[in-house]
Structure formats: structure tokens, C-alpha cells
Amino acid sequence: MSSDRYPFREIEAKWQRIWDEHGQFRAVEDPGRPKFYCLEMFPYPSGRIHMGHVRVYAIGDLLARFKRMRGFNVLHPMGWDAFGLPAENAAIEHGVHPAIWTYENIDYMRSQLKKMGISYDWDRELATCDPAYYKWEQLVFIKMLERGLAYRRRSTVNWCPSCQTVLANEQVENGRCWRCDSEVTPKEIDGWFFKITDYADELLEWCDRLPGWPERVITMQRNWIGRREGAEFDLPVAGRPDVMIRIFTTRPDTVFGMTYAVVAPEHPLVDRLVTDDAERRAVHAFRAEVARESEIERLAADRPKRGLRLSANVVNPFNGADIPLFIADYVLMGYGTGAIMAVPGEDQRDWDFAKQHGLPIIETVKRPAGWIGEAYSGDGVKVNSGFLDGLTIAEAKRKAIDWLVTRGLGVAKVNYRLRDWGISRQRYWGAPIPVLYCERDGLVPEAEENLPVVLPREVQLSGKGGSPLADVASFVNARCPKCGGRARRETDTMDTFVESSWYFLRYCSPTYDRGMFERGAAEYWMPVDQYIGGIEHAVLHLLYARFYTKVLRDLGMVKVDEPFTALLSQGMVIKDGAKMSKSKGNVVDPDDLIRTLGADTARLFSLFAAPPEKDLDWNDQGVEGASRFLNRVWRFVIAYMGGAFGPPQSPPSTLEAVTAPTTEAGRAFRRLIHETIARATHDIERDFHFNTAISAVMELVNALYTFATSADDAGAEGERAALLREAVETTLLLLAPIAPHLTEELWAQLGHAESIVTQRWPEADPAALVRNELTLVVQVDGKVRSRLQVAAGTPEERIQRLALADERVQPWVRERAVDRVVVVPNRLVNIVTRG
Ligand SMILES: [Zn+2]
Ligand SMILES: [Zn+2]
């Protein structure tokens, strides 16, 4: 079979070489032209590209090439998210240095990407493990430290025992490590944080101002930030004037329904509330039990809630009532204040707990008639609520807060689910955190002129306990930049999500050495107009990058508020019902596909098999179909050039479109050409429906065969040749962003000297789209009764018959004798009756 295939191997290699030699995709700032910054999330250099990569890069390349043909000055760069654990794990397993492993992988993956023929400006390639790159985030770290946006504190962190490192909350999925799936355990540790919570409000507010983002991603970000409005106040412990328990509630209107209170088992006040050894032992045992539960389990609605009654009582400040105090697993230290007032009448989790522990339930909102249920969270009028009775929930919230504030007992408070971003990693292969600990000055940032703090090459990697850098004496023992005395370097490295929070800015001027990026270049290219990447980054990377961009803006470095104007989140590539993965043995290697069927086939299949936001289900028939279609286009154009359908019109410079074909077949064919242009343009630009755009072109190719092989109408030979030419060229232009090698080759074979890359995207001719139909008004005795659609040139007798048979005309002529039917050409039909 392979001998039937077009010579994709030669063609693809040839054009990749020519594009490279001509610097075809080199981007240069040009204030006179509108810019388009098209960016796919850069890959981790894991070793080989997989079909998921092929898909996302095919999507990005389609858009980049399409926008270029639409007249935009396009920036389309590629680089490597090169720090991270797999390099270090490979080093531990195989004894190869992470740097060597990483750069070898980069070389191989670059060669793979080049074989795909993607329109990258390779001059802008970068790798984040390059000191010339991370130098700048070290500088920004120091500026953030000066402004209190980077800080160090001891905290309980998510610890992955397998990766031997801290994980951010965002990196824990169902209580497991996002990278290795090990169960995450809590650990007390000193570490560095970025104060993303300072930007919580702005990050949330801008969620409403990113219409180019998928709603799903915006919702996930909103939920992650988790803004909650409410009140914060103290519950005094009965008989213990020295102890107050601060609680946060979003429902201050329900205070009169408080029948117990709960503090998190890990709450620091618990130890002070314990009165004797027996209670201390009980608390200890309870904590041990809870420690075995994951955070997700503790927050789950549908499971029994464990609790332990403490001997202490607290006082409800609103009515002076003594209420019991519990520690319970469903209250977590990391949320709000780590303590709650429990209102079982209006909160389902409190209701469940109250039922399990035989606690009273007070309803404070009047239930709707016929209400049968447990906790009620709907609207209604306040009852059993003292001075709040008769108010709506909103009024009661305000009044309860006023009551607290005027007595100095509490405040209105906004709480967030979002925590500060823990960026310390106790691993080697990352950017060093540029601070030192001086014996005299304490914590001192590295001096700017000493940057970058370069990651030392010589290191022992065992994967066991603590940062490997701590054992590198030449790194750890340093001079204090302030006093010149002895100092110890920080041995934690930065979370690799710091590097990916600004790489899109570095692409604007990747070799600039006087700053993070050249200002003018960033002002021209930013923001990214279209960002493309997987939904798995909906919270992590996309939230960090938004935060970091705002920090850089506030440092006066960039003007944009947001890094990404529009986002496309593509689905996964699945096979036999599961995500492709080595462990499932369902991996298709892009190398094999490109070798056997060509890069254009791989790209076409990836774009055609599913809309980009949906999962793509791999199937061999689909791949074969994509290959067949490209072969069909190839064979047609070659046959056309060989004169199989009459002498081809050439050279191309003399091409003049026949704007008004003289035959019906010619008109219909030209209409189809231009309908295809209109559909493909709309589907790509408005909806990202690349698959339907491709279907439209496939239909055009079918029509092309039919038109070319049908008997010639009425001797319009020149007209027919021109229409064929227009259809062939349109087909190639519309396929150019999808199958760039094949179209480039055929374009050249048609006699064009200029690359198809530089051609303008075709415009649909409105005149060609007009269906030659007329609308005639139908009157009966001078009154409009209907309208009639007829093809131009329909004979008068047929129009008369159609008018009389029209169902809206029928009632007016059925009972009467028709005298005459007058047809005014192209305008109206008047039926005159004998009344
Ligand atoms: Zn892990
Ligand atoms: Zn010092």
C-alpha cells in the first residue's frame, strides 16, 4: 500500500529544511501590524513527545498559521519547563546527572517537534534550568522579599514521603501527590511562601473579566480562591476568662441556633482546654485517629463525623447560654479560624453531627410550608432568634454583625479558601532560593550583583531526607553579602511552578541580559492572545501565572493585568477507553506514526477526530482516513497539473477568478467554494471547531472531483478551467494550517514562487454566496397573503401555478373564481378574483 502514498517523507523533510533556512517563522516586533501571540504550554522534557503533545501543538500551529494568513504578526515560541523531579529521580535510578538527562531529552524532543513541522520561532527557545533564565526569578524573589510578598515560616505542610518534598495544596489530589500518587502526610517544616492571598480579591475579580477563558476553568479558579463573607467573633470559655475561641461564620444570622461549638483537633488552644490526664489521653488518641484521615475524607459530606466532647463549655455571646465544646474531624485548622459555632438547624454537617451525638437542634429560619427535611439552607424569615426575629436572612446577618461590632466583640470578615503558595522544595533540581543566613545579620538576601546563585553541578543524590544541597559544602558555606562574614546558604530550591509563571514573558526577548525581559518587546507582544493547554492546569499553573504577572505589574515591570487573554483547554488523548499511558500499554508513539504516515496525517487526525475541548478517542481507522484524504488531495492536484481534467490554467499570475459563471453548474460550484471558505473561517475563528472546518474542506474536495470529471457545460472551457483553479488553490489555502507540508509542496507545483505560509487566507465573495432565488409577494385582490421563493428565471406559468397552490393563498381563492393572475417580474404575483 505504501507505494500508493504520496511522498510525504521527502516533502516533509524538504519543507522543514526550507522553512528553517529562510527563518520563515522568525517573529520581529512591528508596531505597524497587529500582533498575535499564540502559545502552547511548554513541555516538561520527559524524554519523548506523546500523542497528547501532538494534539496540543497541532492545535496551536493551526491557530498560529491561520492568524499569520489573516495578516497578523505572529509570535509562536517553544521552550522547556526543564526543572523538576523526574530528572532527579532518573539520576538516582540510572546515575546520570539531571542536567545531562534533561539536555539530552530536550535535544531528542526538539528533533521530534521539528519533524512535526510546527511553525515555531526556534530562535526563542529557552530552558528554565539555564542560570541565564532563573537568574531573573531570583532577582524578583528578592524584590518580593523586600515587599513582604515572599516570606519564611514554620508550618504544617503536605509532605510526599515518596518524592521527599513539600507539596502545595494545589498539588494534592484526593490526599495524594499529584506527581507520584503517594499518600500525602502532614509535616512541620520551615519553608518559603509567596503571598498569593494578598491578590485573592483581584484574582477573583478578574475571573469576571476573562471572557476568552472556558467557564469551567474560571469556575474552578473561583472555587479554589473560595471567597466567603461573614463574621468573626470570640466564644469565651465558661469559667476561663483567659481563653477565647475565635470562630468564623458565613451565617451570623443563625447565632441563636448555636447548640454546640467545634474546634479542629489540631487547634493550638485544645491543649490549654484540657483539664486532666484522662482527657489529655483521650484527646491524644482522637488526634491519632483523625491524622489517619485525608483532608478530603474529613471534608466529605456523606460520612459519619467523629467527635470528642471536651470538658470545657463555651458561652454564646448573643444570649449568654453555655454550650458544649467538641473537637471533631470535620473542622480543619486550615479553614477560617479552625473553629466553628455549630447551627444544626441550618447546616447539614452540623445537623448530621448533632443527630449522631444527641445534641439539640433549633430552627432559626421559618421553613416553607410542607418542608420535610433536615438542615434548611434556603431563604426565609428569622424565628427563635431574639432581636433578629421577623427579619430576612440578609437583614439579620447585617444586624448580628452590627451587634458584635458596637459591643467590640467581633467584626465583619471575608475569608478565603486560598492559602499562600508554598514554594520551598527540599530537592536538588530547581532554582536556588537566593538568601543566606548570616551568623551576625540573620536572614540576608543575596546581593543583586552576585546573581545568579548557580545550582552546583557536583552533588550526591540519594532521594532520602532533606535537601541534597545541604551536603554540598562549597555551596552552603558562603560569605554574607552584607558584612562579609560567614553565612550559610538556603538549601531549598523553588517550586518549578515559579519558572512556568513567567516564561511567556521571557519569550518576548529570550536573550536579553539586562533584565527579565526587554520592556518594549513585552509591551508589544503581551498579553498572550491565545494560550492552549490541558485542563489539569486549571488551578495550579494558571493561577500562579496570573498571580506572578500581577506581582511583576506592581513591581513596575509589565503593564498587563493578566497574562492570557484567551485560553483553550484541550481534552485528553485516550485509547481503548483510557488515557494513553505506558502502564496501560495503550501508547501510540508519534515517531512511528510520523514515520509510517507522515506528520501531516498525524496533525490532520488530531484536529479532525474531535473538537479540541473534548477527549480524543484514538482509532486506527481515523488515522487511515486522514491519510487517505491527504492522498486524495495529492492525486487530484497532480492529475490536474498533468492535464487530466483539461489544460490547467497557468501560470498562476494570470489567474482571474470568474466572478459570474455563466452556467448553473458553474454558479453552484463557485458558491460551494465560497461557502466552504465562509464555514472554515467561522469554525476556526469563532468556535475552534477545527473538525467541522475540515469536514467542509473534505466536501469541497468531493465536489472538486465531481466538477472536474463531469461533462463540460456548453463549451465554457476557459470558465471551467478558472473555476477548477480557484477551487484547487482554495483547498490548499484552507488546508495550509492543518497539513502544511503537503500544501506547501502542491502550492509550489502549481507554479507559485512564494511560500503558502505568506499567502493571505481566502475571503468568501459575498456575491458568490448569493443563492439566485427571488422572493415574490403574492396578493389576492390587492391584499398581501403570502410570499413565494422561486429560482431566478422560473417561467411565468410555473409562478402562477405555484402562487395558486400556496397554502396561505388557498383559503382566499377556494370559494371564488379566479379571474386572472398577473405576474410582475421579480416582484409580485397579483391574483384577481371575480369576487
Ligand atoms: Zn510524590
Ligand atoms: Zn552578615
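**First stop: the zinc ion (ligand 2).** Select the donor residues of the zinc ion (ligand 2), which follow the spacing C-x2-D-x38-C-x2-C in the sequence. The model is a predicted one. The protein donors are C438 (SG), D441 (OD), C480 (SG) and C483 (SG), at 1.9 to 2.3 Å from the ion. What is the geometry of the site of the zinc ion (ligand 2)? The site is tetrahedral, with angles of 104 to 120 degrees among the four donor atoms. For reference, the ideal angle for four tetrahedral donors at a metal is 109.5 degrees.

Is C480 buried or exposed? C480 has a relative accessibility of 3%, and therefore counts as buried. C483 has a relative accessible area of 27% and so is partly exposed.

**Second stop: the sheet.** Select β1, β2, β22 and β23. These four strands form an open sheet in the order β2-β1-β22-β23, and their pairing is parallel. The edge strands are β2 (73–75) and β23 (567–570), each of which pairs on one side only. From one strand to the next, the twist averages 20 degrees. In general, strands of a sheet pair through backbone hydrogen bonds, either parallel or antiparallel.

Select residues 35–40, which make up β1. Six of the six residues of β1 are buried. Both faces are covered: K35, Y37 and L39 lie on one side, while F36, C38 and E40 lie on the other.

Next, show the partners of β1. With β22 (residues 530–534), β1 pairs in the parallel sense over three bridges. Within this pairing, L39 has Y531 as its bridge partner, and E40 stands opposite I532. The pairing of β1 with β2 is likewise parallel, over three bridges, and there K35 stands opposite N73. The chain passes from β1 through α2 to β2 in a right-handed β-α-β crossover.

Select residues 51–69 to display helix α2. This helix lies across β1, β2, β22 and β23, and runs at about 175 degrees to β1.

**Last stop: helix α18.** Select residues 599–608. How many of the 10 residues of helix α18 are buried? Nine are buried, so the helix is largely enclosed by the rest of the structure. The buried residues are A599, D600, T601, A602, R603, L604, F605, S606 and L607.

How values were computed
Residues numbered from 1 in each chain as written. Chains lettered and ligands numbered in written order. Predicted model: local features only at pLDDT ≥ 70, side-chain atom pairs only at ≥ 80, totals over all residues. Heavy atoms only, no water. Buried < 20%, exposed > 50% of the residue type's maximum accessible area, 1.4 Å probe, protein only. Helix = DSSP H or I, 4+ residues; strand = E, 2+ residues; numbered from the N terminus. Pairing = 2+ DSSP bridges. Axes fitted to C-alpha atoms, helices over the stretch in contact; angles between N-to-C directions. Contact = heavy atoms within 4.5 Å. Donors = N, O, S within 2.8 Å, 3.2 Å for Na, K, Ca; no water. Tetrahedral: all angles 85-135°; square planar, octahedral: opposite > 155°, others 65-115°. Right-handed = clockwise from strand over helix to strand, strands pointing away.
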